[in-house]
Amino acid sequence: HFNSEAFLEGRGLITEGVVAIKANIQKENFKAARETLGRVLHTLQDFYSHSNWVELGYTEPYVNLIRPDLPLENLAVNTPTCSDCASRKCPNQILSNILKEKKLTSGYMGIFSSQKPKKCSHGGESDLTSTKVPRGGISKDERRSDNKEFHDAAVNAAVAASLQLLEDIRLAVGNHDFLMMGIARSSVVCFVIDTTGSMSDDIEAARSIMYKIIDSKKGTQDEPSEYILVPFNDPFGPMIRTTDADKMKREISKLKATGGGDTPEMCLSGLQLALTGAPSSSNIYVFTDAAAKDIALKDTIIALMRSTKSTVSFFVTARSRRRRSLASSSFGDYNDLALASGGQAIQVSKSQLPQATDIILDTSTSALVTVLQRAVVAGQETFPFALDESLKNITIYITGTSLTFTLTNPAVTQTDTEASGKLGTINAVGNLRRIRLHADKQSGTWQINIKS
């Protein structure tokens with residue numbers, strides 16, 4: 001964190017981390033590179049909020065932090081650096097001689113002890129050194145009335161330094177591998193599909209959906225960095241993975257519905273294989289028409305979804321007349337799993353399955369954010385949510401039975417009976433209502449009242 005004048009140590013973390021990032025990218029260990037990048041950027045950005053760099057009048061990044069061949073000079077060694085601030089809120093505590101001589105210091109931080117030299121403190125309630133003379137603190141982590149200008153300057157310098165570091169990595173590894181690290185490419189798309197005999201009527205529809213998804217993303221900034229296919233039957237698997245969209249389509253073309261017959265299937269075992277084999281933050285889509293015979297894995301699956309931060313959506317098709325329909329309790333298990341990951345559980349007929357494709361096209365994007373997600377029992381409830389001008393292509397999904405709703409923005413109201421209203425366009429597919437908001441009606445505080 002660059003606290004307590006640990007400049008050499010902080011610079012070491014940054015430069016060693018950048019070396020590791022470049023090495024991991026060259027070995028195609030993109031996940032490791034991305035995680036190391038997060039840690040390095042944290043340290044780099046902390047320099048500007050925890051040191052006196054901006055108090056010294058500097059506005060550009062300190063390039064020496066990412067250049068191990070350049071020395072860290074003019075450090076404030078063995079000299080007082082701050083004046084006392086009894087109120088703990090002083091505009092600038094840095095001593096005049098430190099400012100004049102452009103000496104670099106940072107605040108001391110004590111979580112377990114108040115001991116420090118006669119130096120600046122980090123500040124804040126958790127810093128025990130801030131009560132020892134010189135009291136106060138020079139941290140610019142938060143924007144306060146007494147540090148607005150310095151906070152804003154630290155933010156600007158940290159942003160510029162982050163861009164500088166990213167550019168250094170990009171020039172070293174090239175554009176393609178830089179993007180493969182996950183800066184602008186969407187995450188992995190994984191299909192988990194039931195191939196038991198009862199899916200014979202549905203597997204062709206599911207196949208065409210997967211083709212459509214692959215084709216729609218190909219050549220765009222949302223093209224997945226990898227495709228994964230996990231068929232499940234008795235037994236389940238194997239996992240097939242490739243970065244080649246055409247190869248994935250060939251593998252999907254080989255899927256055939258055979259076997260089964262005992263109604264519940266090994267759905268969660270197939271999903272477990274996907275969650276353990278796919279990278280973190282993958283988009284996983286499960287196609288089935290049966291309950292899970294391995295429901296004992298439910299808690300394990302929830303733990304895996306939370307640890308991997310992958311999103312799982314279920315597309316459950318109604319069974320033919322020859323087989324009994326999926327029990328509501330079984331669908332409830334899928335709904336619980338989808339909710340735990342931030343996904344959806346959609347129950348449709350075979351003919352409706354292609355219409356449900358839109359939700360996959362919506363959600364498998366590199367820039368997706370979830371503004372609000374809630375689960376409620378039967379009844380009526382109102383949910384407020386705020387939308388701002390930075391958001392685009394806003395979509396609302398509601399899943400449930402016997403539901404009605406009213407959507408309201410600051411000035412206009414639309415009910416579920418208006419398929420094309422003043423606020424957006426509503427499509428109904430099985431138990432799903434998908435509302436795509438109009439582009440000119442989005443900013444402000446909204447609310448949706450739902451009765452089900």
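**Figure legends: close-up views of a predicted model**

Figure 1. Val 155, Val 159 and Leu 163 together form a nonpolar surface patch of about 250 Å². Leu 163 belongs to helix α4. This residue has a relative accessible area of 54%, and it is classed as exposed because that value is over the 50% cut-off.

**Figure 2. The whole protein, shown for orientation.** The secondary structure consists of eleven helices and 13 strands. The C-alpha trace extends over about 85 × 55 × 40 Å along its principal axes. The protein has 452 residues, of which 46% count as buried. Of the contacts between residues at least 6 apart in sequence, 72% join residues at least 24 apart.

**Figure 3. The largest nonpolar core and the surroundings of Ile 14.** This core contains 33 residues, and those that touch the most other members are Ile 14, Leu 44, Phe 47, Tyr 48, Leu 65, Leu 165 and Ile 169. At least two residues of the core come from each of the helices α1 (7-26), α2 (30-50), α4 (148-173) and α5 (175-183). Which residues are in contact with Ile 14, leaving aside its neighbours within four places in sequence? They are Phe 2, Val 40, Thr 43, Leu 44, Leu 65, Ile 66 and Leu 165.

**Figure 4. A salt bridge between Glu 55 and Lys 140.** The structure holds 16 salt bridges. Side chains of opposite charge can pair when their charged atoms come close. In the pair shown here, the side chains of Glu 55 and Lys 140 meet at 3.0 Å, N to O. The two residues lie 85 residues apart and link distant parts of the chain: Glu 55 is in the loop between α2 and α3 (96-100), whereas Lys 140 is in the loop between α3 and α4. Are these two partners buried or exposed? Glu 55 is buried, with a relative accessible area of 11%, and Lys 140 is also buried, at 3%.

Figure 5. Arg 144 is partly exposed at 23% relative accessibility, whereas Asp 146 is buried at 14%.

**Figure 6. Ile 301 in helix α9.** Helix α9 comprises residues 298-308 and includes Ile 301. With a relative accessible area of 0%, Ile 301 is buried. Beyond its neighbours within four places in sequence, Ile 301 is in contact with Leu 268, Leu 271, Gln 272, Leu 275 and Leu 337. Ile 301 and Ala 340 are 39 residues apart in sequence, and their C-alpha atoms are 9.6 Å apart.

**Figure 7. Ser 341 in helix α10.** Ser 341 lies in helix α10, which covers residues 328-341. The residue counts as buried, with 13% relative accessibility. A polar atom of its side chain lies 3.1 Å from the backbone oxygen of Ala 338. Neighbours within four places in sequence being left aside, Ser 341 is in contact with Met 305, Ser 310, Thr 311 and Val 312.

**Figure 8. Thr 395 in strand β8.** Strand β8 runs over residues 395-399 and contains Thr 395. Thr 395 has a relative accessibility of 19%; it counts as buried because this value is under the 20% cut-off. Its side chain makes a polar contact with the side chain of Arg 436 at 2.8 Å. The side chain of Thr 395 also reaches the backbone oxygen of Asn 393, at 3.4 Å. Not counting residues up to four places away in sequence, Thr 395 touches Asp 362, Arg 434, Ile 435 and Arg 436.

**Figure 9. Asp 234 in a loop between two strands.** Asp 234 is located in the loop between β2 (227-232) and β3 (240-242). Its relative accessibility is 40%, and Asp 234 therefore counts as partly exposed. Thr 195 is 39 residues away along the chain, and the C-alpha atoms of Asp 234 and Thr 195 are separated by 9.2 Å.

Note on methods:
Residues numbered from 1 in each chain as written. Predicted model: local features only at pLDDT ≥ 70, side-chain atom pairs only at ≥ 80, totals over all residues. Heavy atoms only, no water. Core = buried A, V, L, I, M, F, W, Y, C linked by side-chain atoms within 4.5 Å. Buried < 20%, exposed > 50% of the residue type's maximum accessible area, 1.4 Å probe, protein only. Helix = DSSP H or I, 4+ residues; strand = E, 2+ residues; numbered from the N terminus. Contact = heavy atoms within 4.5 Å. Patch = residues over 30% accessible without salt bridge, like charges linked within 9 Å, V, L, I, M, F, W, Y side chains within 5 Å. Areas by Shrake-Rupley, 256 points an atom, 1.4 Å probe, with all protein chains shown as cover. Salt bridge = Lys/Arg side-chain N within 4 Å of Asp/Glu carboxyl O. Polar contact = N/O pair within 3.5 Å; in protein donor to acceptor, adjacent residues only side chain to side chain.
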